[in-house]
Amino acid sequence: MTTYSVTRAIAAPAQTIWDLLTDADSYPSWNQSVLGIEGQISDGEKIKLTSIVNPDRQFKLNVTDVDAPNSMVWWDGMPLGLFKGVRTFKLTPGDGGTEFSMEEVYSGLMAPMITKSIPDMTESFELFADGLKAEAEKRAG
């Protein structure tokens with residue numbers, strides 16, 4: 001299993017961060033790792049994401065397990081569980097702000113073979129979290 005994760009302390013309410021995470025149209029303005037998202041980011045919907053990691057490919061993702069403003073999951077995979085990528089977003093309110101965490105896990109019988117062709121997502125995750133932090137803190141004023 002291959003996993004990427006990032007965590008940031010953000011000096012903003014969870015709802016402010018949630019509003020950014022679920023506003024597909026605003027992603028390119030604050031998120032340097034995402035070139036664009038088509039569709040609505042809400043429970044049961046499908047979105048198409050274009051990322052700097054592979055700008056020539058649109059990732060078709062299912063949005064599930066939405067518990068606003070606490071958590072949600074984006075995932076895609078192959079039939080029979082041969083390969084699955086699951087990205088989980090979590091917002092945990094605390095003193096003076098919110099802890100944001102994002103984790104992506106690749107699993108399945110074909111994961112060892114497929115993950116060899118997936119670029120290292122560390123920089124993309126850092127860009128995502130840093131952009132979210134900056135924009136949320138700006139909006140929280």
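This is a predicted model: local features need pLDDT of at least 70, side-chain atom pairs count only at pLDDT 80 or more; totals for chains, interfaces and linings use all residues.

Analyst: Happy to! A definition to start with: two strands count as paired if DSSP finds at least two bridges between them.

User: Good to know. Which strands form a hairpin around there, and how many residues sit between them?

Analyst: S6 and S7 form that hairpin, with 2 residues between them. Gly 96 in the turn has a positive phi of about 80°. The two strands run antiparallel and are joined by 11 bridges. Pro 93 facing Thr 98 in S7 is one of the opposite pairs.

User: Zooming out, what is the strand order in the sheet?

Analyst: The order is S1-S7-S6-S5-S4-S3-S2, an open sheet of 7 strands with antiparallel pairing. Strand S1 (2-10) and strand S2 (34-38) are at the edges. Each has a single partner strand, so one side of each lacks a neighbour in the sheet. From one strand to the next, the twist averages 20°.

User: And what packs on it?

Analyst: Helix H1 (residues 14-21) packs on the sheet and touches S1, S4, S5, S6 and S7. The direction of H1 makes about 155° with that of S6. H4 lies across S1, S2, S3, S6 and S7, and runs at about 20° to S1.

User: Is H1 mostly covered or mostly open?

Analyst: Mostly covered: 6 of the 8 residues of H1 are buried. Those buried residues are Ala 14, Thr 16, Ile 17, Trp 18, Leu 20 and Leu 21.

User: Why is S7 called largely enclosed?

Analyst: Because 8 of the 11 residues of S7 are buried, the strand is largely enclosed by the rest of the structure. "Buried" here means under 20% relative accessible area. S7 also pairs with S1 in the antiparallel sense, over 9 bridges. In that pairing, Tyr 4 has Glu 104 in S7 as its bridge partner.

User: What about S4 and S5?

Analyst: That is a hairpin as well, with 3 residues between the strands. S4 and S5 run antiparallel with 4 bridges, and Asp 67 has Ser 71 in S5 as its bridge partner.

User: Switching topic: I keep clicking on Glu 45. Where is it found?

Analyst: Glu 45 is in the loop between S2 and S3. Leaving aside neighbours within four places in sequence, Glu 45 is in contact with Gln 40, Leu 61, Asn 62 and Val 63. The C-alpha atoms of Glu 45 and Leu 61 are separated by 8.5 Å, although the two residues are 16 apart along the chain.

User: And why does Glu 45 count as partly exposed?

Analyst: Because its relative accessible area is 33%, and partly exposed covers the range between the buried limit of 20% and the exposed limit of 50%.

User: Last topic, pockets. How much space lies in the largest pocket?

Analyst: About 550 Å³. The lining of this pocket has 29 residues, and Arg 57, Phe 59, Glu 104, Tyr 106 and Ile 118 lie nearest its centre.

User: Which elements give two or more residues to the lining?

Analyst: They are strand S3 (46-51), strand S4 (58-67), strand S5 (71-77), strand S6 (84-94), strand S7 (97-107) and helix H4 (122-140). S5 gives the largest share, 4 residues.

User: How do the lining residues divide into nonpolar, polar and charged?

Analyst: The lining of the largest pocket has 18 nonpolar residues, 7 polar and 4 charged.

User: Thanks, that helps a lot!

Note on methods: Residues are numbered from 1 along each chain as its sequence is written. Side-chain values use heavy atoms; hydrogens and water are left out. On a 1 Å grid over the protein atoms alone, a cavity is a set of points where a 1.4 Å probe fits but cannot get out, and a pocket is an open set with protein on both sides within 12 Å along at least five of seven lines; lining residues have an atom within 4 Å of a point. Grid points are joined across faces, edges and corners, and a volume is the space filled by probe spheres set on the points. Ala, Val, Leu, Ile, Met, Phe, Trp, Tyr, Cys and Pro count as nonpolar, Asp, Glu, Lys and Arg as charged, and the others, Gly among them, as polar. Axes are lines fitted to C-alpha atoms, for helices over the stretch in contact, and angles run from 0 to 180 degrees between N-to-C directions. Contact means heavy atoms within 4.5 Å. Buried means under 20% relative accessible area, exposed over 50%, partly exposed in between (1.4 Å probe, protein chains only).
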